[in-house]
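I opened a new structure today and kept notes as I went. The entries follow the order in which I looked things up.

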Amino acid sequence: MQEKLNYILITTLILISISCKNENKKDDLNLEAETELKIDSTEANLNNKKSLTSSEYNTDYSEIENIERPEKTIIRNLAIDTTKAFGIWTQDPNGPHADFWLTKKSFYVVDYDGDAEMPYILDKNEITIFYKDFVQKGRITSTENDTLKIKWSDNEHVTEYRKFEN
């Protein structure tokens, strides 16, 4: 189970590195949220990160409380062009499958065990993805030329994704 969990976490870490330069871009997805969800800095248990958070889907860590997840995706104060960010993305354009599908409704993880649709918050160019067992944060740095670049908070380097064409 730990190997499968590590695989899921590694796949997840690869998925969130985007950056966009379309300042003050406003569209119908830009939402004004009355209250902001309080998010603890819960991270994956990988490479000396904090423990995974227990959830209704994963009760292996009963001493840790469940994470708070929004009921649906929240998009607000956009600083990127979502028409360029939304799509199916992969790190390996020659690989057999994509890594994730970013839509206005969810962050869909390809090859995820169970329900792969994760709610997220996109505020300006900061993205927070709410997996069932941890929260991943990143900053989208570019969405140009069919490339999505995300600087994940738990990675020193920007992760580059290409539009999945397969």
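**Entry 1: lysine 149 and glutamate 160.** I began with a salt bridge between lysine 149 and glutamate 160, whose closest N and O atoms are 3.9 Å apart. The model is predicted, so I take this distance as computed, under the 4 Å cut-off for a salt bridge. I then looked up where the partners sit. Lysine 149 is in strand β9 and glutamate 160 is in strand β10. The two are 11 residues apart, and the pair links distant parts of the chain. Lysine 149 has a relative accessible area of 29%, so I noted it as partly exposed. Glutamate 160 is also partly exposed, at 40%.

**Entry 2: the other salt bridges.** How many salt bridges does the count give? I found three. One of them joins aspartate 123 to arginine 76, at 3.3 Å from N to O. Aspartate 123 lies in strand β6 (residues 120-123) and arginine 76 in strand β1, so this pair ties together parts that are 47 residues apart in sequence. Is arginine 76 buried or exposed? I put it down as buried, because its relative accessibility is 6%.

Lysine 84 and glutamate 144 form another salt bridge, with 3.2 Å between the closest N and O atoms. Lysine 84 belongs to helix α2 (residues 82-85). Glutamate 144 is in the loop between β8 (135-142) and β9 (147-152). They are 60 residues apart. I looked up the exposure of both. Lysine 84 is partly exposed at 33%, and glutamate 144 is partly exposed at 36%.

**Entry 3: the sheet.** I traced the strands next. In which order do they run? I read β1-β6-β7-β8-β9-β10-β2-β3-β4-β5, an open sheet of 10 strands with mixed pairing. The edges are β1 (74-76) and β5 (117-118), each of which pairs on one side only.

**Entry 4: around β2.** I followed β2, which covers residues 87-90. Two bridges join β2 to β10 (residues 159-163), and these strands run antiparallel. Here threonine 90 stands opposite arginine 162. Three bridges join β2 to β3 (residues 100-102), again antiparallel. Tryptophan 89 stands opposite phenylalanine 100 in β3.

Entry 5: I moved on to β4 (residues 107-109). Two bridges join β4 to β5, and the two strands run antiparallel. Tyrosine 108 faces glutamate 117 of β5 across this pairing.

**Entry 6: a surface patch.** Which residues form the nonpolar patch on the surface? I listed Ile88, Trp101 and Tyr108. Together they have about 280 Å² of accessible area.

**Entry 7: confidence.** I left the pLDDT for last. The chain has a mean of 73, and 60% of its residues reach 70 or more. Over residues 1-28 the pLDDT is below 50. This stretch still has 96 contacts in the model beyond near neighbours in sequence. Residues 31-52 are also below 50, with 54 such contacts. I marked both stretches, 1-28 and 31-52, in my notes.

Methods. Residues are numbered from 1 along each chain as its sequence is written. This is a predicted model: local features need pLDDT of at least 70, side-chain atom pairs count only at pLDDT 80 or more; totals for chains, interfaces and linings use all residues. Side-chain values use heavy atoms; hydrogens and water are left out. Patches are made of residues with over 30% relative accessible area and no salt bridge: like charges are joined within 9 Å, nonpolar side chains (Val, Leu, Ile, Met, Phe, Trp, Tyr) within 5 Å. Accessible areas come from the Shrake-Rupley method with a 1.4 Å probe; for residues, only the protein chains shown count as cover. A salt bridge is a side-chain nitrogen of Lys or Arg within 4 Å of a carboxyl oxygen of Asp or Glu. Helices (H or I, at least four residues) and strands (E, at least two) are DSSP runs, numbered from the N terminus. Two strands pair if DSSP finds at least two bridges between them. pLDDT is the predictor's confidence in each residue, from 0 to 100. Contact means heavy atoms within 4.5 Å. Buried means under 20% relative accessible area, exposed over 50%, partly exposed in between (1.4 Å probe, protein chains only).
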